[in-house]
Amino acid sequence: LVTFVSVPLLVNLALDWFGGETREIRLPVGQTVLHLAALVLVPVLLGMGLRRVAPGFAQRIEPWVSRFALLLLLLLIVVISVTQHELLLRTFPELGPAALAMCSAAIGGGFLLARLSGLGLRDAITVGMEVGVQNSTLAIVIALTLLDSPQVAVPAAMYGLLMYVPAFAVVLLGRRAVARQQARGAVV
């Protein structure tokens with residue numbers, strides 16, 4: 001729910017700060033709230049409602065919904081990569097390390113906050129992964145629809161391509177850490 005306020009405010013702040021003077025881009029707050037409701041809130045509420053009234057059906061379709069979401073992300077990244085391939089190649093030396101650092105910081109920050117909140121290791125890893133891996137699709141959609149700017153979608157596409165590198169590392173390290181805790185008989 002925080003995203004309804006934070007996304008328009010933070011995106012407009014970033015556009016003002018980093019946007020330069022070549023073009024004035026503003027993210028319309030009202031339209032952004034409606035898009036976020038349609039893209040985030042409605043599916044979450046539908047999923048929660050379905051899980052409540054038909055938990056067995058919800059569990060059976062969950063893998064398919066996850067695959068669809070991944071396919072949508074990959075499709076968006078492919079479209080951006082094809083239409084903006086020159087910009088992607090030109091900006092990779094700058095955007096690549098920044099995207100990796102941002103994803104790593106998001107995963108680490110989510111993990112740290114979860115641990116500080118008292119969550120166990122497995123749950124903290126899950127929170128870290130959710131924080132670090134879930135945002136590129138939304139950023140791409142906002143850039144393409146509300147900002148009408150494929151160029152603004154390029155950093156989000158770069159993030160979407162590279163976010164799997166630190167995520168894969170966290171999965172490997174996290175599985176080892178959880179296995180060590182289980183071997184010691186600790187609560188995970």
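Predicted model: local features only at pLDDT ≥ 70, side-chain atom pairs only at ≥ 80, totals over all residues.
Local features are reported at pLDDT of at least 70 and side-chain atom pairs only at pLDDT 80 or more, whereas totals for chains, interfaces and linings use all residues. Residues are numbered from 1 along each chain as its sequence is written, and side-chain values use heavy atoms, with hydrogens and water left out.

Met158 is in contact (heavy atoms within 4.5 Å) with Leu88, Thr91, Phe92, Leu95, Gly96 and Ala99, when residues up to four places away in sequence are not counted.

In helix 6 (residues 136-146), the buried residues (under 20% relative accessible area, with exposed over 50% and partly exposed in between, for a 1.4 Å probe and protein chains only) are Ser136, Leu138, Ile140, Val141, Ile142, Ala143 and Leu146. The cover of these buried residues includes helix 1 (3-18), helix 2 (29-53), helix 3 (55-83) and helix 7 (150-162). Just after helix 6, Asp148 adopts a positive phi of about 50°.

Leu100, which lies in helix 4 (residues 85-116), is partly exposed at a relative accessible area of 30%. Apart from its neighbours within four places in sequence, Leu100 is in contact with Leu162, Val165 and Pro166.

The structure contains one salt bridge (a side-chain nitrogen of Lys or Arg within 4 Å of a carboxyl oxygen of Asp or Glu), in which the side chains of Glu62 and Arg51 meet at 2.7 Å, N to O. This pair joins distant parts of the chain, with Glu62 in helix 3 and Arg51 in helix 2, 11 residues apart. Glu62 is partly exposed at 38% relative accessibility, and Arg51 is likewise partly exposed, at 40%. Arg67 lies over the face of Trp64, at 4.6 Å from the ring centre, the criterion being CZ of Arg, or NZ of Lys, within 6 Å of the ring centre and within 35 degrees of the ring normal.

How values were computed
Helix = DSSP H or I, 4+ residues; strand = E, 2+ residues; numbered from the N terminus.
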